[in-house]
Amino acid sequence: MRSSPSIVPTDRLDRDIYLVLEDFGARAGCAWRETDEADTDLETVLRDILSGQYTYPLRIVCFNPVEGWSRDATPDIADALAERAANADAEISPALQDFINANVTRPFNVQLALPLRSIA
């Protein structure tokens, strides 16, 4: 039996790829966010989540098609986000705070800055 060639472009994707599952609300549901191939690396995903490009992230999956593995990277991402937010004294949304609190695996002894809301 002849084997068919792989459809995975090994020249471009010989690296870890991160995809984000986001909750779009009760009417729209959850979906894996469409993203450009160049924006699927760890640093870009962390930066995009911190900057608010993902409003309600639920899960982050990491895979490497060349090496043939995949895993749930959600706890690792939550740890990295908590550390970066604490080190940069960055304001984060309540939804991102909830994501971090639900998925963080190690304690951070720094209070994450939350946006202040004026009292009317």
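Student: Is Phe-24 buried, partly exposed or exposed, and what is its relative accessible area?

Tutor: Buried means under 20% relative accessible area, exposed over 50%, and partly exposed in between (1.4 Å probe, protein chains only). Phe-24 is partly exposed, with a relative accessible area of 43%. A word on the source: this is a predicted model, where local features need pLDDT of at least 70 and side-chain atom pairs count only at pLDDT 80 or more, while totals for chains, interfaces and linings use all residues. Residues are numbered from 1 along each chain as its sequence is written, and side-chain values use heavy atoms, leaving out hydrogens and water.

Student: Where does Phe-24 lie, and with which residues is it in contact?

Tutor: Contact means heavy atoms within 4.5 Å. Phe-24 lies in the loop between S1 and S2. Leaving aside neighbours within four places in sequence, Phe-24 is in contact with Gly-29, Ala-31 and Arg-33.

Student: In what order do the strands form the sheet?

Tutor: Strands (E, at least two residues) and helices (H or I, at least four) are DSSP runs, numbered from the N terminus. Two strands pair if DSSP finds at least two bridges between them. Here four strands form an open sheet, ordered S2-S1-S3-S4, with antiparallel pairing. Strands S2 (30-32) and S4 (69-72) stand at the edges with a single partner strand each, so one side of each is left without a neighbour in the sheet.

Student: How many bridges join S1 and S2?

Tutor: Strand S1 (residues 17-23) pairs with S2 over three bridges, in the antiparallel sense. For Leu-21, the bridge partner in S2 is Trp-32.
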